[in-house]
Each structure stands twice: as C-alpha cells, then as structure tokens.
Amino acid sequence: MKPLLLLLLTLLLKLPVAGPPVVRVMFSPLTKAAYLAAAKGVVVTKPTLTFPLKKVRGRIVIPTAKGPKVFQDKGVGTDDDDQAGFDYRGYSTVLKYHVVEGRYWEAFQCHLVGANGQQVSLPGLPEYSPDMQQFVVASAGIEVGFLPNSIQLFQLENGHWREVWKLEPSVEPATWEPDEIHWLSNSTLLLKKKMWTGPNPGNTFIYSRLTITP
C-alpha cells in the first residue's frame, strides 16, 4: 500500500463515529393552578391531510422511493392473537408522510410512512410542534400494561424523522405514567403525570413544564 493511502486510512480509522443529535429536556415542576393557567396557551397543530389512497379488500399499499409498503388486515373480529386491522388516515403534503393506524390484539401503533421510504411506528398519535418540525408521542403503560410507558421526541432532519430524546418514566416498581402532554411553543411542553405511588394511586397528578434545549 502506498504511504499516502496508508496515512489516510490510519486517520480515517481514528475519526470518532458521529452519533445521533443529543437534545436535553429539562423538567420544571408546576402547581396545578400554574398548569391550568399555562394550559390556556396550548398550541394544537394538525397537518392538513389529503386522501390519495384507498383501502381495497383489507389492503393498504403505499408507494415509496424504496418500494411499496403494504398493510394487510388479518384475523379482524376473531380471537387470533396475531390479528391486525389498519385504517388509512391520509397524507401530509407538507411533511410528505402517510399516516396509517394499526390495531392489534393488545396493541395500537401509528405508522408514519414517508414518500422517501422511511417508516416510523409509534405507540400513540404524534403531537406536532407549532412549526411541525418536531413531534412528541406519549404512551401510558402502567394501567394498560401491554403498552410501553414512555415519552419520545422526534425531529425532522433532511426529510427523515429522528428520535432525539426518550424518557421511560418508570422502571419496576412503576411510579408514574404520562397522562397528557401538549406543546406551548417549539421549545416548551406541558406534562401531566399520573402517579401510581402514595395514598391514592391512579388518582393523583403532578404537573411539569418541559423545556427543550440543543
């Protein structure tokens, strides 16, 4: 091997591997009164959807740059534990993503399918930031034990959704689950926690403001 090529190879091998972007989310506690006051400023953002596709004979076929994504009903209305039923919820021309809801034996998933071929499967419906460049999805997994107990934050980067932060609020023994989460701005959210500890488990709530920083 020529000395120059050997030197370049050595330098490349020493380069650090770039990981996913890191986002910090800081929690600030709120009283119930402060939470209710802040909730008056909640921003609900829903992408405008069109419906270019139809479900035909229990089958949804979404064309993408990487080939078709197929969602096929299976065993709907039966006792089969591998049953699956899908509903087409439309296409966002701004985000270039189709939305498919899937219902399974003991699960729910929202599938985002991009025209670029990316598929993101979520345990709940996404809540979009006001600029629609981010979304948060929360899943309460204590009372309904077959769902994950988590909060996930995704950001849109070069046409792809990337998970940039995840919180799993309870590890055995479980303590709390997300009850509600809403956007106040592109960098702040409101969170209502359902507590499963203390004298009144499942009926006690704690409130927080979440601030996103790079």
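Visitor: How many bridges join E1 to E15, and do they run parallel or antiparallel?
Guide: Seven bridges join E1 to E15, and the two strands run antiparallel. This is a predicted model.

Visitor: Which sheet has E1 and E15 in its order?
Guide: An open sheet of four strands, in the order E1-E15-E14-E13, with antiparallel pairing.

Visitor: Which strands stand at the edges?
Guide: Strand E1 (24-30) and E13 do. Each has a single partner strand, so one side of each is left without a neighbour in the sheet.

Visitor: By how much are neighbouring strands turned against each other?
Guide: By 30° on average, with direction ignored.

Visitor: Which helix packs on the sheet?
Guide: Helix H2, residues 32-39. H2 touches E1, E13, E14 and E15, and its direction makes about 135° with that of E14.

Visitor: Is valine 44 buried or exposed?
Guide: Exposed, with a relative accessible area of 58%. The C-alpha atoms of valine 44 and glutamate 127 are separated by 7.8 Å, although the two residues are 83 residues apart along the chain.

Visitor: Now the inside. Which residues of the largest nonpolar core touch the most other members?
Guide: Val25, Ile151, Leu153, Ile181, Leu189 and Ile212, out of 15 residues in that core. The elements giving two or more residues to this core are strands E11 (150-157), E12 (160-167), E13 (176-185), E14 (188-195) and E15 (204-213).

Visitor: What is leucine 153 in contact with, leaving aside its neighbours within four places in sequence?
Guide: Its contacts include Val23, Val25, Phe135, Val164, Trp165, Trp183 and Ile212. Gln134, Arg162 and Glu163 are also among them.

Visitor: Which residues does the second core include?
Guide: That separate core has 14 residues, among them Tyr97, Phe108, Met132 and Val137.

Visitor: How much of the whole chain counts as buried?
Guide: Of its 214 residues, 38%. The chain's secondary structure comes to two helices and 15 strands.

Visitor: New topic. How many salt bridges are found in the whole structure?
Guide: The search finds 10. In one of them, the side chains of lysine 55 and aspartate 73 meet at 2.7 Å, N to O.

Visitor: Where do lysine 55 and aspartate 73 lie?
Guide: Lysine 55 is in the loop between E2 and strand E3 (59-62), and aspartate 73 is in the loop between strand E4 (69-72) and E5, so the pair ties together parts that are 18 residues apart in sequence. Lysine 55 is partly exposed at 34% relative accessibility, and aspartate 73 is partly exposed at 23%.

Visitor: Which residues are linked in a network of salt bridges?
Guide: Asp87, Arg89, Glu101 and Arg103.

Definitions and conventions: Residues are numbered from 1 along each chain as its sequence is written. This is a predicted model: local features need pLDDT of at least 70, side-chain atom pairs count only at pLDDT 80 or more; totals for chains, interfaces and linings use all residues. Side-chain values use heavy atoms; hydrogens and water are left out. A nonpolar core is a set of buried Ala, Val, Leu, Ile, Met, Phe, Trp, Tyr and Cys residues joined through side-chain atoms within 4.5 Å. Buried means under 20% relative accessible area, exposed over 50%, partly exposed in between (1.4 Å probe, protein chains only). Contact means heavy atoms within 4.5 Å. Two strands pair if DSSP finds at least two bridges between them. Axes are lines fitted to C-alpha atoms, for helices over the stretch in contact, and angles run from 0 to 180 degrees between N-to-C directions. A salt bridge is a side-chain nitrogen of Lys or Arg within 4 Å of a carboxyl oxygen of Asp or Glu.
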